[in-house]
Amino acid sequence: MSVISAKNIVKSFGKLEVIKDVSMELEEGEVVAIIGPSGSGKSTFLRSLINLETIDNGTITIDGQTVVENGLYKKPEENRQAYQKLGMVFQNFNLFPHKSVLENIILSPILVNGKTRENAVKDAEDLLEQVGLSDKINSYPYQLSGGQQQRVAIARALAMNPKVMLFDEPTSALDPELTGEILKVIRDLAAKDMTMIIVTHEIEFAKNVADRIIFMADGYIVEEGTASVVVDNPQNERTQNFLKGFKR
Ligand SMILES: Nc1ncnc2c1ncn2[C@@H]1O[C@H](COP(=O)(O)OP(=O)(O)OP(=O)(O)O)[C@@H](O)[C@H]1O
Ligand SMILES: [Mg+2]
C-alpha cells in the first residue's frame, strides 16, 4: 500500500493552471526527489499534499485515508490525523523567531499531540543530538546560522513523529558551505528508511539519495524513474534541456 497516493491532481491560482494533471504514488521507505524548472508547480504540489493549498480536482490518500476525492474534501476533523502523518520543511526555515530552539521543537508535540513537557523535552534533546545541535538547545533562531536554523526546523518536524517528510528546497536559501550539513541530515534519515519527498535543485544529491526522480515541468510530470535514467540518460527532450543547465 502507498503511504501517499495522489491521483490526477489539478490546481489553479485564479486563471493560472499550475498543476494540470499530476499523479504519483509513494511507497513506505521510498525517497523521491522532484526536480524541474522554476514555476513548474513543485512547491504547489507538495503544499497540496499537506493541505497548505486546496486542490481543485483529484484524489489524495494518505496512509489509507482519502482526504480529498475527485476534488471533494472530507471534513477537517476527519482529515486531521492523516495530515499529521506528514512533516514539512520549507526553504526559509519558518522557525518561531521569539522562541528558543527547545520551545520551537516541543510546542506542537505538547499542544497538538498532548505530550507531557517532560517527554517532549526528552525527545527534543534526542532530535537535537541527531541533527548535531545539542549545544544550541537554549539559543534563539537569530543566534543561529541558516544551516543550523534549518536543522532545527527538521528536528521540529521530526518531533511530530511523521510517517513522511516533505522537503521543499531545504538548501536553496543557504550558502553553499552550509548546504552539506543539511544534505547529511537528510541522508541520515534516508539511511533510517524515512519516507521522503524532496524538492531540490541539488541534482547530484537527488541522484545519490533518491530511489526515484520525478521531473516536473509546466504542471505535469514529464519523466520519472531511477536516477540512472532521469539524470544520466533522460529520454525526454525537456528533461535533457533542463539538465544541461546543471552540467559544466
Ligand atoms: N499563492 C499563489 N498565488 C498565485 N500564484 C501562485 C501562488 N503560489 C504559486 N503561484 C504560481 O504558481 C506557479 C507554480 O509555482 P510553484 O511555487 O509551485 O513553482 P515551483 O516549481 O515550486 O518553482 P520554484 O522552483 O521557483 O520554487 C508559479 O507560476 C507561481 O507564480
Ligand atoms: Mg518552489
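An oxygen atom of ligand 1 sits 3.1 Å from a polar backbone atom of Ser40. This counts as a polar contact (a pair of N or O atoms within 3.5 Å; within protein, one must be able to donate a hydrogen and the other to accept it, and residues adjacent in sequence count only if both atoms are side-chain atoms). A polar side-chain atom of Lys42 is 2.7 Å from an oxygen atom of ligand 1. For Thr44, the distance from a polar side-chain atom to an oxygen atom of the ligand is 2.5 Å. The protein covers 60% of the 640 Å² of accessible area that ligand 1 has on its own. Accessible areas come from the Shrake-Rupley method with a 1.4 Å probe; for residues, only the protein chains shown count as cover.

The model is predicted: local features need pLDDT of at least 70, side-chain atom pairs count only at pLDDT 80 or more, and totals for chains, interfaces and linings use all residues. Residues are numbered from 1 along each chain as its sequence is written, chains are lettered from A and ligands numbered from 1 in the order in which they are written, and side-chain values use heavy atoms, with hydrogens and water left out.

Back to the ligand shell. There are 13 residues around ligand 1, and Ser38, Gly39, Lys42, Ser43 and Thr44 come nearest. A residue is near a molecule or strand if one of its heavy atoms lies within 4 Å of it. Helix α1 gives the most to this shell, with three residues. Helices (H or I, at least four residues) and strands (E, at least two) are DSSP runs, numbered from the N terminus.

Glu169 is buried but has no salt bridge; Lys42, the nearest side chain of opposite charge, is 4.6 Å away. Buried means under 20% relative accessible area, exposed over 50%, and partly exposed in between (1.4 Å probe, protein chains only). A salt bridge puts a side-chain nitrogen of Lys or Arg within 4 Å of a carboxyl oxygen of Asp or Glu. On charge, Lys and Arg count as positive and Asp and Glu as negative; His and the chain ends are not counted. The side chain of Glu169 does make a polar contact with the side chain of Ser172, at 3.1 Å. Leaving aside neighbours within four places in sequence, Glu169 is in contact (heavy atoms within 4.5 Å) with Lys42, Gln91, Val199, Thr200 and His201.

Take Thr200 next. It sits in the loop between β9 (195-199) and α7 (203-209). Thr200 is buried, at 3% relative accessible area. Its side chain reaches the backbone nitrogen of Glu202 at 2.9 Å. Beyond four places in sequence, Thr200 is in contact with Ile34, Ile35, Glu169 and Ala206.

Another threonine belongs to another loop. Thr116 is placed between α3 (101-111) and α4 (117-130). Thr116 is partly exposed, with a relative accessibility of 42%. A polar atom of its side chain lies 3.1 Å from the backbone nitrogen of Asn119.

Now the charged pairs. Side chains of opposite charge can pair when their charged atoms come close. The salt bridge count comes to 12. One of them joins Asp123 to Lys115, with the closest N and O atoms 2.5 Å apart. Asp123 is partly exposed at 26% relative accessibility. Arg151 and Glu181 meet in another, at 2.9 Å from N to O. This pair links distant parts of the chain: Arg151 is in helix α5 (residues 146-158) and Glu181 in helix α6, 30 residues apart. Arg151 is buried, at 10% relative accessibility, whereas Glu181 is partly exposed at 23%. Lys184 pairs with Asp188, and their closest N and O atoms are 2.9 Å apart. Both residues lie in helix α6, four residues apart, about one turn of the helix. Glu30, Arg212 and Glu224 are linked in a network of salt bridges.

Asn8, in strand β1 (residues 2-13), has a phi near 50 degrees, a positive value in a residue other than glycine. Asn8 is partly exposed, with a relative accessible area of 42%. Phe93 also is not a glycine, yet has a positive phi of about 65 degrees. Phe93 is found in the loop between β7 (86-89) and α3. At 11% relative accessibility, Phe93 counts as buried.
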